[in-house]
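Take a look at the sequence and the 3D structure below. Then follow the paragraphs step by step.

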There are 2 protein chains.
Amino acid sequence: MEIHDLVKLMGSRRSCRSYLRNMQVEKSKIDECIEALRLAPSACNRQPWRLVVVSDRSSLDKICSECLLPGLPMPWLKDAPTIVALCLDLDFVTHKIAPIISGLQYQMIDAGIAGEHFVLAAEAQGLGTCWIGWFNEKKVRKLLDIPRRVRVVSLISLGYPSPGSNANASSRLSPKEIAFQHKWKDL
Amino acid sequence: MEIHDLVKLMGSRRSCRSYLRNMQVEKSKIDECIEALRLAPSACNRQPWRLVVVSDRSSLDKICSECLLPGLPMPWLKDAPTIVALCLDLDFVTHKIAPIISGLQYQMIDAGIAGEHFVLAAEAQGLGTCWIGWFNEKKVRKLLDIPRRVRVVSLISLGYPSPGSNANASSRLSPKEIAFQHKWKDL
């Protein structure tokens, strides 16, 4: 694959906040997203990620009505035909000891890497996604029978974007503002 | 871009632990990696990521000799012609308040997403990378003049892989082990 195509794909991805409610996502496409996620690297190759793929209307409605945090309304989410709960199964020594020594929660980085593999694979198949962090973890856990040892770290909405919904790109900092040569540079 | 090509790219990426020491990475290629990272999504579009791109031999040697944690020798790192310090500038209210409410450090997910954009862009250009979490953050910060408000969350080595170094793939869990339909499934 050409770098040009990859950067174009990354640049065309948007946080999609408008879905075609009645257009289900084909299982084969979801499987490709899962395959992309599966191939992600992780600290010590522990692959702590787990997904619960929710496509039944009753559970989707409950996520929207009962599991979101207040203050950031997401009315568009009710139209998403699929919501994925991105989880971390942290029942590994790696995840308990290493952060104490280094102070870094590698497993959250792992979740970001893996989730973005999923998101990019969705984009490559004409699907829209949105990373959603503003939810009540306890309620999601209860709704989806997720055991207490497992963290739910993000929801990812998935579906076909409404026409025109992807028009506006968020602004970005310039390369000079984010990347420094040799040493840190305070701007 | 075709999904097939993307999944193939993700599947061909390895944690590269053998580099051609004397083959510098072209600036144009590093710029493409930075561009890919720049396009990543982040919580509230805060783009907390910052990079310090280290390519001078003296600093590279110091990272290898002074900044790694004990117990996990990385002799191969001394041959990497570039090491990138992936940082988070957390001087934003978003990063201080939101985690208290939700219990989730979104910014670490942001770092994973952005770093993996960089890594995939490197792979698409024939470059090898390795996520490195096992380092002494304080020493890296001091060496690269990184202010105290900034977290260094990962190092990423970058360079041309030695021939044959990418032969072995790490094993992965099967799709059924990581993705569940509708509800969690204890295996």
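**A walk through the structure**

Start with one side chain: that of A:Glu123 makes a polar contact with the side chain of A:Ser12, at 3.0 Å. A polar contact is a pair of N or O atoms within 3.5 Å; within protein, one must be able to donate a hydrogen and the other to accept it, and residues adjacent in sequence count only if both atoms are side-chain atoms. This is a predicted model, where local features need pLDDT of at least 70 and side-chain atom pairs count only at pLDDT 80 or more, while totals for chains, interfaces and linings use all residues. Residues are numbered from 1 along each chain as its sequence is written, chains are lettered from A and ligands numbered from 1 in the order in which they are written, and side-chain values use heavy atoms, with hydrogens and water left out.

Stay with A:Glu123. It lies in helix H5 (residues 106–123) of chain A. Helices (H or I, at least four residues) and strands (E, at least two) are DSSP runs, numbered from the N terminus. Is A:Glu123 buried or exposed? It is buried, with a relative accessible area of 16%. Buried means under 20% relative accessible area, exposed over 50%, and partly exposed in between (1.4 Å probe, protein chains only). Leaving out residues up to four places away in sequence, A:Glu123 touches A:Leu9, A:Ser12, A:Arg13 and A:Arg14. Such a contact means heavy atoms within 4.5 Å. A:Tyr160 is 37 residues from A:Glu123 along the chain, and their C-alpha atoms are separated by 9.9 Å.

Now step back to the two chains. Chain B can be laid on chain A by a turn of 180° and a shift of 0.0 Å along the axis, with an RMSD of 0.0 Å. That is the relation of a two-fold axis. The copies are superposed by least squares on the C-alpha atoms of residues with pLDDT of at least 70 in both. How do the copies meet? Of the interface residues of chain B, 100% are also interface residues in chain A, so the copies meet through the same surface.

Two strands pair if DSSP finds at least two bridges between them.

E5(A) pairs with E1(B) in the parallel sense over three bridges. There, A:Phe180 has B:Val52 as its bridge partner. Strand E1 (residues 49–54) of chain B also runs antiparallel to strand E2 (residues 82–89) of chain B, and six bridges join the two. B:Val52 stands opposite B:Ala85 in E2(B), and B:Trp49 stands opposite B:Leu88.

In a regular strand the side chains alternate between the two faces of the sheet. In E1(B), B:Trp49, B:Leu51 and B:Val53 point one way, while B:Arg50, B:Val52 and B:Val54 point the other way. E1(B) is mostly covered, with six of its six residues buried.

Turn to the aromatic rings. A pair of aromatic rings is described by the distance of the centres and the angle of the planes. Rings of Phe, Tyr and Trp (its six-membered ring) pair if their centres lie within 6.5 Å; planes under 30 degrees apart count as stacked, over 60 as edge-to-face and the rest as tilted. The count comes to four aromatic pairs over all chains. One of them is the tilted pair of A:Tyr19 and A:Trp76, 6.3 Å centre to centre with 35° between the planes. These two residues are 57 residues apart and link distant parts of the chain. A:Tyr19 is buried, at 4% relative accessible area.

Finish with a backbone angle. Most residues other than glycine have a negative phi. A:Gln47 is not a glycine, yet its phi is positive, near 45°. A:Gln47 lies in the loop between H2 and strand E1 (49–54) of chain A. At 5% relative accessibility, A:Gln47 counts as buried.
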